[in-house]
Amino acid sequence: MIATKDWLKASWYVSKGMLSPVTGRPSAESRNQAPVMVPIRALGPSYRERITQHLLQLEPADRYLRFGYAANDEQIRRYAEQLDFNRDEIFGIYNRRLELIAMAHLAFSEHPEHKHCAEFGVSVLKQARGRGFGARLFERAVMHARNEGVNMVFIHALSENTAMLKIARNAGATVRRDGSESEAYLQIPPASLDTRMAEIVEQQFAEVDYQIKKQAKQFWDFLASVQEVRSGVQHARHQSAE
């Protein structure tokens, strides 16, 4: 179970950066002091458009690795429209602009004989890589899968998708290669009180983080609009003085 002091420490690091302007480039201090917990939210049907926009931002090579084929915009939109939020679980990570920069899809099997199995897929935007988001999303998905009674998580990926296969291997999954494709599977233990409590804590932490980011964004958007109005007034004064 996640220690309370770790949760408080993570909350401090997250909230510490919320009242600084969004510059698009993290400071040296923020890079060196990464939060203990990465805020990962479970996404519902109301986020379908955000999910679509996230996937559309993937570059052609990344689309190929994520879907196993060179998915065009229409195919990506169709994929997003067909997401079953009642059956599956979608997880996301946001930046301070409330942009969805990383997303995972935990798809549960529809077949009654394989009801204890689930498949994992992940996508991370280019600018957000190198921070371990893919691995953290996998950990979050596995925790949820355990709590839902799943005992086997699969990852179907192209053999050249080394980043995805590395995540699977680091988690202890068995990887089997068949030509250009690879299949990884991870056998997971049953749920425990720790995993159930940890998921509740992580979801609450992610919700608090999202609301703080939302308020901070609204604040800076408001300041930007005020500055724009002031600039317009000053410009009008200069023109009238001339």
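Just after helix α6, Gly149 adopts a positive phi of about 90°.

Helix α6 comprises 15 residues, spanning residues 133-147. From its first C-alpha to its last, the helix reaches 21 Å, close to the 21 Å expected at 1.5 Å a residue. Of the 15 residues of α6, 12 are buried, so the helix is largely enclosed by the rest of the structure.

The mean pLDDT of the protein chain is 83, and 77% of its residues reach 70 or more. Over residues 1-5, by contrast, the pLDDT is below 50, and this stretch has 5 contacts in the model beyond near neighbours in sequence. A pLDDT below 50 is also found over residues 7-35, for which the model contains 36 contacts beyond near neighbours in sequence. Where pLDDT is low, the predicted coordinates should not be read in detail.

Side chains of opposite charge can pair when their charged atoms come close. A search of the whole structure identified 10 salt bridges. One of these joins Arg41 to Glu207, with the closest N and O atoms 2.7 Å apart. This pair links distant parts of the chain, as Arg41 belongs to strand β1 (residues 41-43) and Glu207 to helix α8 (residues 193-241), 166 residues apart. The two partners fall into separate accessibility classes: Arg41 is buried, at 7% relative accessibility, whereas Glu207 is partly exposed, with a relative accessible area of 28%.

A further salt bridge is formed between the side chains of Asp73 and Arg63, at an N to O distance of 2.8 Å. Asp73 is located in helix α5 (residues 73-81) and Arg63 in helix α4 (residues 60-67), so the pair ties together parts that are 10 residues apart in sequence. Within this pair, Asp73 is partly exposed at 35% relative accessibility, while Arg63 is buried, its relative accessible area being 10%.

Glu110 forms a salt bridge with Arg87, in which the closest N and O atoms are 3.0 Å apart. Glu110 is exposed, at 66% relative accessibility, and Arg87 is partly exposed, with a relative accessible area of 30%. Together with Asp88, these two residues, Arg87 and Glu110, are linked in a network of salt bridges.

Helix α8, which carries Glu207, also contains Leu193. Leu193, Met197 and Ile200 make a nonpolar surface patch of about 290 Å². Leu193 itself counts as exposed, at 62% relative accessibility.

How values were computed: Residues numbered from 1 in each chain as written. Predicted model: local features only at pLDDT ≥ 70, side-chain atom pairs only at ≥ 80, totals over all residues. Heavy atoms only, no water. Salt bridge = Lys/Arg side-chain N within 4 Å of Asp/Glu carboxyl O. Helix = DSSP H or I, 4+ residues; strand = E, 2+ residues; numbered from the N terminus. Buried < 20%, exposed > 50% of the residue type's maximum accessible area, 1.4 Å probe, protein only. pLDDT = per-residue confidence, 0-100. Contact = heavy atoms within 4.5 Å. Expected span 1.5 Å × (residues − 1). Patch = residues over 30% accessible without salt bridge, like charges linked within 9 Å, V, L, I, M, F, W, Y side chains within 5 Å. Areas by Shrake-Rupley, 256 points an atom, 1.4 Å probe, with all protein chains shown as cover.
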